[in-house]
Amino acid sequence: MIKAPNIILVGPMGAGKTTIGRLISQSMGKEFYDLDKVIEDNAGADIPWIFEREGEEGFRRRETQALSAIVQSDTGDCVFATGGGIVMREENRDILRDNALVVYLYASVAQQLYRTSKSNHRPLLQTGDPKAILKKLFEVRDPLYREVATLIIETDARHPRSVANRVLDAIRRHLKMEITVS
Ligand SMILES: Nc1ncnc2c1ncn2[C@@H]1O[C@H](COP(=O)(O)OP(=O)(O)O)[C@@H](O)[C@H]1O
Ligand SMILES: O=C(O)C1=C[C@@H](OP(=O)(O)O)[C@@H](O)[C@H](O)C1
Ligand SMILES: [Mg+2]
């Protein structure tokens, strides 16, 4: 029997990884985990606290640990949302490419800015002009998301439910194709 792969969502802050991940897991009847939440539960502290006490480097260490743990666990067949910086470490990119069906949720910088402006729990956006920060991060990270992605889904000007339906369709098409050719 073919084991269903973990589905892992990547993309910038505000792409909708947490929101869409939850929606598609419900539709597929799979467990959903948000890696940021896993990191917070493991640390017993929230992300702003981790950045403040341990710096971004400490957060990245925890992020790699959490990602390694999920792919090593035997469960499989779950949906995971990651944080926007998951692709920064080469080690993480290798893990993603080799162990999951990776969906890149694309959002323009304007949409990222709009969607992230509703909350202040993202430490990287608290240190300067959010638009300039998001633009700079996007320039570095967009090629890295593309490098690990199995599927790329555009999210601008689409309601979360419509994005989720597109992700579900693309996953179904992809898995069907894989089974047909193998
Ligand atoms: N397609 C969408 N259209 C409009 N708003 C969205 C969309 N996807 C997510 N949002 C909203 O944007 C904000 C950030 O979404 P979130 O899922 O936390 O993004 P991420 O996990 O990628 O940072 C939330 O308020 C969410 O409701
Ligand atoms: O882009 C990043 O480096 C980060 C994105 C955040 O997650 P979201 O992408 O879900 O906002 C969270 O992991 C942390 O604040 C760092
Ligand atoms: Mg999130």
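A pocket is defined here on a 1 Å grid over the protein atoms alone, as an open set of points with protein on both sides within 12 Å along at least five of seven lines, and a molecule is taken to sit in a pocket if more than half of its atoms lie within 2 Å of its grid points. The model is predicted, so that local features need pLDDT of at least 70 and side-chain atom pairs count only at pLDDT 80 or more, whereas totals for chains, interfaces and linings use all residues. Residues are numbered from 1 along each chain as its sequence is written, chains are lettered from A and ligands numbered from 1 in the order in which they are written, and side-chain values use heavy atoms, with hydrogens and water left out.

Ligand 2 sits in the largest pocket, and the space taken by ligand 1 is likewise the largest pocket.

Around ligand 1 there are 15 residues, of which Gly16, Lys17, Thr18, Thr19 and Arg158 are the closest, a residue being counted if one of its heavy atoms lies within 4 Å of the molecule. By class, this shell comprises 5 nonpolar, 6 polar and 4 charged residues, where Ala, Val, Leu, Ile, Met, Phe, Trp, Tyr, Cys and Pro count as nonpolar, Asp, Glu, Lys and Arg as charged, and the others, Gly among them, as polar. Polar contacts (pairs of N or O atoms within 3.5 Å) to oxygen atoms of ligand 1 include one from a polar side-chain atom of lysine 17 at 2.8 Å, one from a polar side-chain atom of threonine 18 at 2.9 Å, and one from a backbone N or O atom of alanine 15 at 3.3 Å. Taken alone, ligand 1 exposes 560 Å², of which the protein buries 77%, the areas coming from the Shrake-Rupley method with a 1.4 Å probe. Two or more residues of the shell are given by helix 1 (17-28) and by helix 7 (160-181), and helix 1 gives the most, with 3 residues; helices are DSSP runs (H or I, at least four residues) numbered from the N terminus.

An N or O atom in the side chain of arginine 141 lies 2.7 Å from an oxygen atom of ligand 2, while backbone atoms of glycine 84 and glycine 85 approach ligand 2 oxygen atoms at 2.9 Å and 3.4 Å, respectively. Of the 390 Å² of accessible area that ligand 2 has on its own, the protein covers 97%.

Technical notes:
Polar contact = N/O pair within 3.5 Å; in protein donor to acceptor, adjacent residues only side chain to side chain. 1 Å grid on protein atoms, 1.4 Å probe; cavity = no way out; pocket = protein on both sides within 12 Å on 5 of 7 lines; lining within 4 Å.
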